[in-house]
Each structure stands twice: as structure tokens, then as C-alpha cells.
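Please read them beside the sequence and the coordinates.

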Amino acid sequence: MSVTISPSILNCDILDLRGELEKISNADFAHVDVMDNHFVPNLTWGLPVVEQIVAANILPVDAHLMIADADRWAPAYAEAGCASVTFHVEAAAAPIRLAREIRNQGARVGMALKPTTSIEPFEEILDEVDMILIMTVEPGFGGQPFLSSMLPKIRRTREAAKRRGIDLAIQVDGGVSQQTIEQCADAGADVFVAGSAVFKAEDAAAEVETLRTLAAS
Ligand code: DX5
Ligand code: ZN
């Protein structure tokens, strides 16, 4: 299975965002966490900042929208040129329609599940998305410990995709590090978000490669 590494810039040096993105240019995507202080108790940035990250053209943008009223806002992130747009299913009134709108804008579409949201109700609509994001922490903050209780959900999602014959990407986000990435890969994840593991490392690019190697092993 191919391995995709998408470092989260949530806790990078935001005053040197261009430099930070350049540090991780060996990654596959830049994971950009959009938070609105409604869906999660934290606030980051919105569309104008994401548009500038896209325009900088250093890495394709993997937008993770932790925002209420995803139906209203998510398509604009696809229109802005994000390579991948992930909305939370808990925040979407009409996830199928929304997924189709994002795809119509030419982006890959991801559907994210908080730790207490099960995959089972969404099995029938897996072919409407390119990726399922299984949160391995409660969304909102970087640096939280990995929830290994999410591993069975990753496994069940991979099994469901196989059963349905779908080429589904499974992303994990939260507490992904050298200590936890192999368990995620074993369970069937293939897209790995790592925030603090990458940006707290002495050499961010080397950390990306280490994570890639561990996930592929
Ligand atoms: C948390 C965000 C994550 C966060 C991960 O809600 O979605 O992308 O940056 O940070 P770490 O890797 O430190 O858990
Ligand atoms: Zn994220």
C-alpha cells in the first residue's frame, strides 16, 4: 500500500509559514487545520490564509475543516485550489450532496469522523468520498496523546472498503508519531497526518522520511 505523509502546520512557526512549508517540501501534502471555535473550541485561520498557502505552490493543500455548517463553506476551499478537502460528517447536513459538490470543484473529498462517531452508518456512501479521516484524538488541538482505541475503527473501515471494492484512502490524524504510525498502517491507514512529531523534530524533513519508512515497513 502506498504511504502518504501530510504534516499538519497547526503548531508550526506561523510567522515563518513559507520557511516552514519549505522545510517539509519532501512531504506529499501540507495538512491545514481550519477551526472556527464552534465545531471545536479553538480558532485558526480561514479561506484567505488557505488561498495564500495554495498560491505559494510549495505543497498541495490537504484542508481539514473543523467548522460548523460545512455545507456552506467547504466547496469554497475546493474552489480555492485545495487538492483535498475534508469536512466533518458531524457538521454536514447533507454529506452526499456536499461530497459531490467538492468533487465537482475538482478536489479530492474526505469525510472526517470524531472519535465517538462510528463508520458503520456511512458504509453505504463510501464510494462518494476519496478518503475517510479517522480522528485519533478529539479534534481541536495538536500535541494530544494518540487514542489506540481507534485502531479497530481503522480496521473496520479498511475491511468495508475492500468488501465494496473501493480504492479508499484512510487518513489518521492526532498523536501520529514514530511510536504510533506502524500500528495505524497495520490497521489499514495509508495517509498520515503528523503535527508535533514533524515540527518539534530537529530536522522536519528527516522526520517525514522516518515516518514514511516506518509506515511502509
Ligand atoms: C487536531 C488537528 C491535527 C493536529 C495534529 O485537531 O486536526 O491535525 O495538528 O497534531 P498532532 O500530530 O500533534 O497530534
Ligand atoms: Zn487535522
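1. Strand E2 (30-35), strand E8 (191-194) and helix H7 (196-199) each supply at least two residues of the shell around ligand 1, where helices (H or I, at least four residues) and strands (E, at least two) are DSSP runs numbered from the N terminus. This is a predicted model, in which local features need pLDDT of at least 70 and side-chain atom pairs count only at pLDDT 80 or more, while totals for chains, interfaces and linings use all residues. Residues are numbered from 1 along each chain as its sequence is written, and chains are lettered from A and ligands numbered from 1 in the order in which they are written.

2. Around ligand 1 there are 21 residues, of which Ser-8, Leu-10, Gly-142, Gly-195 and Ser-196 come nearest; a residue is counted if its C-beta atom, placed from the backbone, lies within 6 Å. By class, this shell has eight nonpolar, 11 polar and two charged residues, with Ala, Val, Leu, Ile, Met, Phe, Trp, Tyr, Cys and Pro taken as nonpolar, Asp, Glu, Lys and Arg as charged, and the others, Gly among them, as polar.

3. The open sheet has eight strands in the order E1-E8-E7-E6-E5-E4-E3-E2, with parallel pairing, and two strands pair if DSSP finds at least two bridges between them. Strand E1 (4-7) and E2 stand at the edges with a single partner strand each, so one side of each is left without a neighbour in the sheet.

4. Within the sheet, strand E6 (residues 131-135) and strand E7 (residues 169-173) run parallel and are joined by five bridges, and Met-135 stands opposite Asp-173 in E7.

5. Helix H3 (residues 70-79) packs against helix H4 (residues 95-104) at an angle of about 15 degrees, with their axes 8 Å apart; axes are lines fitted to C-alpha atoms, for helices over the stretch in contact, and angles run from 0 to 180 degrees between N-to-C directions. That makes H3 roughly parallel to H4, a label for angles under 35 degrees.

Conventions:
Parallel < 35°, antiparallel > 145°, perpendicular 65-115°, else oblique.
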